[in-house]
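This report walks through one protein model, from its overall fold to individual side chains. Please look at the structure first.

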Amino acid sequence: MKVDEKCDVYSFGVVAIEVLMGKHPGDLLSYLSSSTPDGQILLKDAIDHRLSPLQSLAANDVVTETKVAFACLNANPQLRPTMQHVAQALSHEPLPLPSPFSAIKLAELLGHVVCNG
């Protein structure tokens with residue numbers, strides 16, 4: 001394994017998911033990277049319930065942060081964003097949710113592009 005900035009980005013993604021979900025994401029990552037995940041895990045069920053109750057604005061932030069974290073965990077290091085792109089994505093105003101927070105599935109948040117470069 002080549003140690004470079006993409007390893008740091010991956011580590012950031014692991015820590016971000018740990019904070020959001022309250023535990024190491026190892027089993028979840030294995031499940032989501034399997035060739036046929038059923039996609040039925042809801043984000044609201046994966047989020048650590050010890051976090052404060054989600055308001056509509058906070059829900060947008062959680063979805064954005066989860067998308068960014070998953071982008072950082074891409075199995076292909078070349079497809080991971082840089083930390084500069086991560087910082088830019090997290091500092092921008094989140095987009096409106098495409099569906100109610102309670103209906104968003106983890107599989108829908110995989111494969112999002114954080115940057116064009």
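## Fold

The protein has five helices and zero strands. Along the sequence the pattern reads α-α-α-α-α. The model is predicted.

Of the 117 residues, 35% are buried. The accessible surface is about 7,300 Å². Carbon and sulfur atoms account for 56% of that surface. Take the contacts between residues at least 6 apart in sequence: 76% of them join residues at least 24 apart.

## Nonpolar cores

The largest nonpolar core holds 20 residues. Met21, Leu43, Phe70, Phe101 and Leu106 touch the most other members. Four helices each supply at least two residues of this core: α1 (5–21), α2 (26–33), α3 (43–46) and α4 (56–72).

Another core lies apart from the largest one and has five residues. Val68, Cys72, Val86 and Ala89 are among them.

Asp48 sits in the loop between α3 and α4. Its relative accessible area is 13%, under the 20% limit, so Asp48 counts as buried.

Leaving aside residues up to four places away in sequence, Asp48 touches Leu20, Met21 and Gly22. Met21 is also one of the residues that touch the most other members of the largest nonpolar core.

## Salt bridges

How many salt bridges does the count come to? The count is two. Side chains of opposite charge can pair when their charged atoms come close.

Asp48 is buried at 13% relative accessibility, whereas Arg50 is exposed at 68%.

Lys44 forms a salt bridge with Asp45, and the closest N and O atoms are 3.1 Å apart. Here both partners are partly exposed: Lys44 has 32% relative accessibility, and Asp45 has 45%.

## Pro98

Pro98 lies in the segment after α5 (83–91). Is Pro98 buried or exposed? Its relative accessibility is 71%, which is over 50%, so Pro98 counts as exposed.

Pro98 and Asn60 are 38 residues apart in sequence. In space, their C-alpha atoms are 9.9 Å apart.

Note on methods
Residues are numbered from 1 along each chain as its sequence is written. This is a predicted model: local features need pLDDT of at least 70, side-chain atom pairs count only at pLDDT 80 or more; totals for chains, interfaces and linings use all residues. Side-chain values use heavy atoms; hydrogens and water are left out. A nonpolar core is a set of buried Ala, Val, Leu, Ile, Met, Phe, Trp, Tyr and Cys residues joined through side-chain atoms within 4.5 Å. Buried means under 20% relative accessible area, exposed over 50%, partly exposed in between (1.4 Å probe, protein chains only). Contact means heavy atoms within 4.5 Å. Accessible areas come from the Shrake-Rupley method with a 1.4 Å probe; for residues, only the protein chains shown count as cover. A salt bridge is a side-chain nitrogen of Lys or Arg within 4 Å of a carboxyl oxygen of Asp or Glu.
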